[in-house]
Amino acid sequence: MLQEPESGALAIPQAEREMDGSHDGETQALTASPEPAPGPLLQESPQEDLGAVREEGAAEPSLTPKGARALAAKTLARRRACRRLDRTVAELVQFLLLKDRKKSPITRSEMVKYVIGDLKDLFPEIIARAAEHLRYVFGFELKQLDRKHHTYILINKLKPIEDEEEVLRGDGPRLGLLMMILGLIYMKGNSAREAQVWAMLRRLGVRPSKYHFLFGYPKRLIMEDFVQLRYLNYRRVPHTNPPECEFSWGPRSNLETSKMKVLGFVAKLHKKEPQHWPVQYREALADEANRARAGASVRARASTHPW
């Protein structure tokens, strides 16, 4: 369900390169993203950090009015570029999923023509980020079939995240969506407003109330399946006007996964270590210790009274 807390500068290419020629970086891009981190899946904006503690640098020197305007314009341009790149990655993921329904190879030229457009100079980064989203969220592996003709296919790599998971076993896309929501909830302080969940879906290129070929109607899936199966709790937030509702982890999620495992899921999406978010990491460590104590207590009682 997550995003790189620290977005770097993104240079939007001014001139397009020729479509023909070698693209050896594409193969490496599918297995390892370039240094610029993947765009956020859960952030409210490209600059929001999901709970990470930032070091405050020294105060910036005072700027002249002209310098301040130039800095503001540069910052705004960088944010717009990051948002555009995030949008392009989400659109490419949906395009690849739709093309895969026909089970025919997908060409680089199709991706550039219908999705990437004038950002084609950033193709290695875009395809790498799309591949990660496909792997972690939807359970598909993007493989390059032919380096000469730049053709790709999706391979179903669905694996339940936990051995104990039964209800969603074998349904990788729905399980990935649930993990995204659980991650959002955890990174937001163990509850997330309904509007934040719908905003996250839109950043993934999924409209909550519109039919999706993998999820059906996503809002119905979340409200009727995830909530009724007790993976999520849903309640009204007190003293809100107009009324607002929020999601939190349900009892089934607490039984079938853990904060540390969900934080690990978030960290994979961000190419970070879980310790990058110290507040959530300490909370996850405490949760692991509590689970270990509870398990030891149960085993002790069972050994004392085996019948």
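## The loop between β5 and β6

Threonine 240 sits in the loop that links β5 (232-236) to β6 (245-249); helices (H or I, at least four residues) and strands (E, at least two) are DSSP runs, numbered from the N terminus. This is a predicted model, in which local features need pLDDT of at least 70 and side-chain atom pairs count only at pLDDT 80 or more, while totals for chains, interfaces and linings use all residues. Residues are numbered from 1 along each chain as its sequence is written, and side-chain values use heavy atoms, with hydrogens and water left out.

Is threonine 240 buried or exposed? Threonine 240 counts as buried because its relative accessibility is 12%; buried means under 20% relative accessible area, exposed over 50%, and partly exposed in between, with a 1.4 Å probe and protein chains only. The side chain of threonine 240 also makes a polar contact, reaching the backbone oxygen of valine 237 at 2.9 Å. (A polar contact is a pair of N or O atoms within 3.5 Å; within protein, one must be able to donate a hydrogen and the other to accept it, and residues adjacent in sequence count only if both atoms are side-chain atoms.)

Proline 242 belongs to the loop between β5 and β6 as well. The peptide bond leading from asparagine 241 into proline 242 is cis, with omega near 0 degrees.

Now for the pairings themselves. β5 and β6 are joined in the antiparallel sense over five bridges. Leucine 232 stands opposite tryptophan 249 in β6, and arginine 236 has cysteine 245 of β6 as its bridge partner. β4 runs antiparallel to β6 and is joined to it by two bridges; alanine 192 is partnered there with phenylalanine 247 of β6. β6 is mostly covered, with four of its five residues buried.

## The sheet β1-β3-β2

Another open sheet has three strands in the order β1-β3-β2, again with antiparallel pairing. Which strands stand at its edges? They are β1 (106-107) and β2 (140-146), each with a single partner strand, so one side of each is left without a neighbour in the sheet.

β1 and β3 (residues 151-156) run antiparallel and are joined by two bridges, with threonine 107 partnered by threonine 151 of β3. Between β2 and β3, also antiparallel, there are six bridges. Aspartate 146 stands opposite threonine 151 in β3. β2 and β3 form a hairpin with four residues between them, and histidine 150 in the turn has a positive phi of about 55 degrees.

## Helix α2 against helix α4

Two packed helices are described by the angle between their axes and the distance between the axes. For α2 (residues 65-100) and α4 (residues 123-138), the angle is about 60 degrees and the axes are 9 Å apart. That makes α2 oblique to α4; angles under 35 degrees count as roughly parallel, over 145 as roughly antiparallel, 65 to 115 as roughly perpendicular and the rest as oblique.

On the α2 side the contacting residues include Leu85, Val89, Leu92, Val93 and Leu96. On the α4 side, Ile126, Ile127, Ala130, Leu134 and Phe138 are among them.

## Positive phi in two loops

Asparagine 190 has a positive phi of about 80 degrees although it is not a glycine. Asparagine 190 lies in the loop between α5 (172-187) and β4 (192-193) and counts as partly exposed because its relative accessibility is 30%.

Lysine 271 is also not a glycine, yet has a positive phi of about 55 degrees. The loop that holds lysine 271 runs between α9 (259-270) and α10 (278-304). With 42% relative accessibility, lysine 271 counts as partly exposed.

Technical notes:
Pairing = 2+ DSSP bridges. Axes fitted to C-alpha atoms, helices over the stretch in contact; angles between N-to-C directions. Contact = heavy atoms within 4.5 Å.
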